[in-house]
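Please walk through this model with the sequence and the coordinates side by side. The text below starts at a loop, then takes up the fold, the helices and the pairing of the chains.

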Protein chains: 2
Amino acid sequence: MKTEQRNTRVPKRDKLKSMEKLLHSVGAILQKDGYKALKAQHIAAHAKLDKKLIYNYFGSLGGLIDAYLKKNDFWKRTELLTEQAPLADLPANKVVEILKGQFTFLEHSPEMQHIILWELSEKNPLLQEILDERERFGEQLFKLSDKYFRGSAVNFRAVNALLVSAIYYIILHSRYNTNTICGIDATSKKGREQLFKSIEQIIYWCYQEAERTRNQ
Amino acid sequence: MKTEQRNTRVPKRDKLKSMEKLLHSVGAILQKDGYKALKAQHIAAHAKLDKKLIYNYFGSLGGLIDAYLKKNDFWKRTELLTEQAPLADLPANKVVEILKGQFTFLEHSPEMQHIILWELSEKNPLLQEILDERERFGEQLFKLSDKYFRGSAVNFRAVNALLVSAIYYIILHSRYNTNTICGIDATSKKGREQLFKSIEQIIYWCYQEAERTRNQ
DNA sequence: GTTACAAGTCACCGTCCGTTGACTTATAAC
DNA sequence: GTTATAAGTCAACGGACGGTGACTTGTAAC
């Protein structure tokens with residue numbers, strides 16, 4: 001027994017493990033209570049470590065949080081959920097699928113919600129970097145749709161900017177507010193379906209209008 | 001001179017005036033620095049009064065802020081900007097005008113921006129009340145558009161929920177982030193116009209599609 | 001002017017929180 | 001085992017902030 005424990009034993013003091021525990025706790029707290037709850041004492045308690053270690057290993061509370069954000073590129077994570085193989089084309093139904101996927105993912109990811117709120121709440125170079133990376137990824141997608149919309153009356157990027165923004169706002173709004181938006185209750189199955197259907201409709205309108213105006 | 005001063009003199013100690021100063025300072029600070037800067041000391045300093053008065057007159061810091069929010073119904077203010085006389089009808093161009101008006105107003109009202117961010121950041125019964133009132137107001141507008149969309153394939157409320165939400169998010173995003181959204185820079189004249197044009201297009205699509213599907 | 005009271009001032013308390021210095025203890029090399 | 005060093009503990013500092021008690025001063029009624 002004792003020898004077995006000795007063979008498989010893990011050292012009680014392990015800097016790397018402790019660092020990971022702290023980083024992991026940042027994620028857990030961010031998910032549960034939001035960025036406002038990212039206090040040194042709180043994080044340390046969650047990791048069952050002394051908060052001093054935050055300063056030993058990451059220099060400051062901000063250093064720890066930065067390290068966490070660097071290790072976890074959420075935007076990439078979101079987008080990647082929507083595709084397995086590289087796309088060669090971007091037809092309307094694929095765009096609708098991606099947008100619905102964004103809605104559903106964000107809806108179920110309190111961590112992402114908090115990060116988006118954070119992004120709206122203060123200037124943070126690190127969050128900006130992450131946003132830039134998302135933009136770079138999005139650009140690759142739009143390259144695929146360009147052929148549908150080049151020379152048409154439709155600005156597909158602008159329409160998507162509107163729809164993505166709408167999705168973000170609606171989900172953040174629904175977290176604390178039970179109120180409807182223009183009579184739509186985004187938390188109800190019915191409301192969600194109404195929104196989804198309208199998103200779908202708008203995307204299809206884009207493709208139709210593009211075809212019409214392109215052929216002029 | 002002295003007698004004139006006596007005639008027109010204002011008392012140095014005036015509870016109501018002090019209360020108003022405090023309320024006004026809440027608005028000024030909210031506008032300049034956001035709801036996070038609503039600290040007792042900060043507000044009192046801005047009003048050039050002692051912070052004790054906040055507690056004397058409003059019971060607590062929260063009491064002061066609540067009093068401020070009750071006195072200033074922002075949502076109503078926003079919406080009312082868009083109309084002088086009661087509307088009898090809600091054609092597409094009027095809807096576009098209202099949405100563009102919302103964008104422009106919010107863009108130039110840091111106070112509103114902060115309140116929207118606040119609404120996304122925490123549960124607050126008072127903010128909920130204000131939102132409810134906005135919904136009631138919006139409902140009156142939608143009643144006017146109902147005749148265009150009843151029995152059609154278009155859910156006009158859902159489309160407007162998307163567009164209004166998009167406007168809110170985009171403006172909040174632009175406050176601290178220089179990044180584009182789907183390649184659109186909402187802070188530039190060009191980006192704004194692209195967004196405006198797409199909003200306009202979507203609204204017109206709604207009316208067209210409604211006409212088509214209604215006549216089936 | 002005197003006086004009573006409200007308006008306003010000031011120093012202070014308790015709490016939360018980021019951060020730190022000085023300490024103890026586990027680990028690994030010898 | 002001895003020892004050096006890194007890992008981890010603990011208590012405390014200092015600043016920010018909401019809130020309060022006791023004081024001073026302006027105002028208005030007499």
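Where does K48(B) lie? K48(B) sits in the loop between helix 3 (40–47) and helix 4 (52–58) of chain B; helices here are DSSP runs of H or I of at least four residues, strands are runs of E of at least two, and both are numbered from the N terminus. The model is a predicted one, in which local features need pLDDT of at least 70 and side-chain atom pairs count only at pLDDT 80 or more, while totals for chains, interfaces and linings use all residues. Residues are numbered from 1 along each chain as its sequence is written, chains are lettered from A and ligands numbered from 1 in the order in which they are written, and side-chain values use heavy atoms, with hydrogens and water left out.

Most residues other than glycine have a negative phi. K48(B) has a phi near 55 degrees, a positive value in a residue other than glycine. K48(B) is exposed, with a relative accessible area of 77%; exposed means over 50%, buried under 20% and partly exposed in between, with a 1.4 Å probe and protein chains only. In chain A, K48(A) is placed in the loop between helix 3 (40–47) and helix 4 (52–58). Phi of K48(A) is also near 55 degrees, and K48(A) is exposed at a relative accessible area of 76%.

Chain A has eleven helices and zero strands. Of the 216 residues in chain A, 51% are buried. Contacts (heavy atoms within 4.5 Å) can also be sorted by separation in sequence. Among those in chain A between residues at least 6 apart, 69% join residues at least 24 apart.

Eleven of the twelve residues of helix 8 of chain B are buried, among them W118(B), H114(B) and E119(B). Helix 7 (residues 92–107) of chain B should span 22 Å over its 16 residues, and its end C-alpha atoms are 23 Å apart, which agrees. Its buried residues include K94(B), F103(B) and F105(B).

Two packed helices are described by the angle between their axes and the distance between the axes. Within chain B, the axes of helix 10 (residues 156–176) and helix 11 (residues 189–214) come within 11 Å and cross at roughly 175 degrees. Axes are lines fitted to C-alpha atoms, for helices over the stretch in contact, and angles run from 0 to 180 degrees between N-to-C directions. Helix 10 and helix 11 of chain B are therefore roughly antiparallel (over 145 degrees). Their contact has eleven nonpolar, one polar and no charged residues.

How do the two chains relate? Chain B can be laid on chain A with an RMSD of 0.1 Å by a turn of 180 degrees and a shift of 0.0 Å along the axis. The two copies are thus related as by a two-fold rotation axis. In chain B, the C-alpha nearest the axis belongs to A166(B), 2.0 Å from it.

The axes of helix 10 of chain A and helix 10 of chain B come within 7 Å and cross at roughly 85 degrees. That makes these two helices roughly perpendicular (65 to 115 degrees).

Technical notes
Copies are superposed by least squares on the C-alpha atoms of residues with pLDDT of at least 70 in both. Angles under 35 degrees count as roughly parallel, over 145 as roughly antiparallel, 65 to 115 as roughly perpendicular and the rest as oblique. Ala, Val, Leu, Ile, Met, Phe, Trp, Tyr, Cys and Pro count as nonpolar, Asp, Glu, Lys and Arg as charged, and the others, Gly among them, as polar. The expected span of a helix is 1.5 Å times one less than its number of residues.
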